[in-house]
Amino acid sequence: MADDEREQVWSATVDHLRAMIDSGRLPAGSRLPAERALCEQLGISRGSLRQALRVLDSIGYVQVRPGSGTYVRETVDEQPLRSWFSEHEQLVEKLFDLRTTVEPTLAERLALQHTPRVLERLEGTVEEMDRAAADGDMLRVIAADAEFHRVIAGNAGNDDVTDLLRSVLSLVGEERRAALRLPGQIRKAVDEHRAILEAIRRSDAAAARDITRRHLLDAKTYVHDYTTRD
């Protein structure tokens with residue numbers, strides 16, 4: 001199966017499962033069927049299903065519990081942004097600090113060892129985030145943002161640091177959703193993702209590291225300023 005066909009399959013799977021959850025066919029708190037059964041029901045491969053579940057996890061529709069299965073998340077009423085950030089200030093700060101420590105190094109490493117396929121995947125996430133923003137589809141914006149950082153983490157080397165970041169990125173769903181709702185933040189994120197991609201494409205390791213670091217520090221500063229201003 002070609003890459004664009006594979007992407008269409010898991011993207012359609014995301015839409016199908018979102019519709020099942022939104023309609024109540026898969027109620028909040030329920031466990032999704034086992035992988036094999038769900039693949040047979042939807043007529044897709046395990047790879048496409050797992051990609052779809054990663055996206056649904058990143059946008060807050062499901063929660064993957066290792067050793068237990070995948071569950072539909074309980075619905076949570078939207079809070080005003082300042083209220084949410086005030087309640088989760090320490091968690092958000094720690095997540096940004098950890099990401100700022102790790103992610104710039106991985107972007108630097110990827111700039112020195114990328115492949116055409118990785119560049120294509122990064123380009124696809126930037127374009128998808130841009131299209132989703134134009135369509136006003138916040139869930140697709142969040143999913144594309146998560147996938148951009150996941151692709152970098154997953155292709156910069158197979159070591160303990162990369163595994164750590166993968167674990168961290170699985171925890172930042174709420175932080176990502178809240179941060180991207182801040183005024184102007186989506187456009188800024190798209191532009192900065194594109195700048196990171198171009199630095200990686202031209203094998204400029206120092207620029208990839210510095211732009212990634214600035215991207216995360218700026219987001220942290222913006223969140224703090226937005227929360228504390230009168």
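## Strand pairing

In the predicted model described here, V64 has T70 of strand β2 as its bridge partner. Strands β1 (residues 62-65) and β2 (residues 69-72) run antiparallel and are joined by four bridges; strands count as paired if DSSP finds at least two bridges between them. Helices (H or I, at least four residues) and strands (E, at least two) are DSSP runs, numbered from the N terminus.

Three residues separate β1 from β2 in this hairpin, and G67 in the turn has a positive phi of about 80 degrees.

## Basis of the model

Residues are numbered from 1 along each chain as its sequence is written, and side-chain values use heavy atoms, with hydrogens and water left out. The model is predicted: local features need pLDDT of at least 70, side-chain atom pairs count only at pLDDT 80 or more, and totals for chains, interfaces and linings use all residues.

## Packing of α3 and α7

Helix α3 (residues 46-58) packs against helix α7 (residues 138-155) at an angle of about 115 degrees, and their axes lie 8 Å apart. Axes are lines fitted to C-alpha atoms over the stretch in contact, with angles running from 0 to 180 degrees between N-to-C directions.

The contact (heavy atoms within 4.5 Å) involves Q51, R54, V55 and S58 of α3, together with I142, A143, A146, E147 and R150 of α7.

## E103 in α5

Helix α5 (residues 89-113) contains E103. E103 counts as buried because its relative accessibility is 3%, the cut-off being under 20% relative accessible area (1.4 Å probe, protein chains only).

Note on methods. Buried means under 20% relative accessible area, exposed over 50%, partly exposed in between (1.4 Å probe, protein chains only).
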